[in-house]
Amino acid sequence: MKPKHIKEKREEEVRRIWKRRSEVWKEIRALGYIELIKPIRHGWFKEIVITHKIESYKNKAAILEVYDKIEKFFWGRTKEAAQKKWLQQTSKHLIYKDFPTISKRQFNKLSFKAQCLCTPFYYRDECKKLKLRFYIRIPKGSYRVKYTRAYITHSKRIDPILESEAALLEQQLLKRGYYEANQKVRRWSGYWNISEKKKEKLIIEKGLKSLRKYAIEDILNENISWEIN
């Protein structure tokens, strides 16, 4: 039997490294967090909060439903940093009257009454593509924008052995020969992670490409089929 080529061996080794790396990451996430006795000050939030005046509105349930869908706060180390992130979101998704807009997917998940509080608009993103989003029209008195202090209340548990192993696996993928094998395996894994519709389209295109060497009459008479039995 012909022995495996060194490149094939490295690809198999890369897959084993991926599998072990995934297991290590799961173990690290499973360690959880430890609650701190004394919280640590850590920046500011610029956030949108619902006020007590919401009780006076008949469509309170619809307002709260919309509120649950939006991005409610932006964090920064200082108030200026939080404000900068707020302004970045404004230029990206066009915040309307201090209230974030929502996407088409978020809009579709709302009830009919909540959808009545939304107004569609089109804008062009960074790639100049036309996108659809929705303004939120709720009473100004039902919410307010404010700054609040941010605190770190939990600390992540750290296992030095797992952290060391994760770093070692990452270094292994950067070694000469392994880096090229890692890139090749990654390309193939990306192919199999695409949607079923995209896979079907690629298979059809590949089949149609193979028919170019045959005459059109033979294809029309069903003498030749591109489908793989």
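Visitor: Is Glu23 buried, exposed or partly exposed?

Guide: Glu23 is partly exposed, at a relative accessible area of 34%. Buried means under 20%, exposed over 50%, and partly exposed in between (1.4 Å probe, protein chains only). This is a predicted model: local features need pLDDT of at least 70, side-chain atom pairs need 80 or more, and totals for chains, interfaces and linings use all residues. Residues are numbered from 1 along each chain as its sequence is written, and side-chain values use heavy atoms, without hydrogens or water.

Visitor: What does Glu23 form a salt bridge with?

Guide: Arg20, with the closest N and O atoms 3.1 Å apart. A salt bridge puts a side-chain nitrogen of Lys or Arg within 4 Å of a carboxyl oxygen of Asp or Glu. Both residues lie in helix H1 (residues 6-30), 3 residues apart, about one turn of the helix. Helices (H or I, at least four residues) and strands (E, at least two) are DSSP runs, numbered from the N terminus.

Visitor: Which residues are in that network of salt bridges?

Guide: Arg20, Glu23, Glu27 and Glu165.

Visitor: And Arg21, what does that pair with?

Guide: Arg21 forms a salt bridge with Glu170, closest N and O atoms 3.1 Å apart. That pair links distant parts of the chain: Arg21 is in H1 and Glu170 in H6, 149 residues apart.

Visitor: New topic. Which residues of H6 are buried?

Guide: Leu162, Ala166, Leu169, Gln172 and Leu173. They sit on the same side of H6, because they cover an arc of only 120° around the axis. The arc is taken from the directions from the helix axis to the C-beta atoms.

Visitor: What's exposed on the other side of H6?

Guide: Pro160, Leu168 and Gln171.
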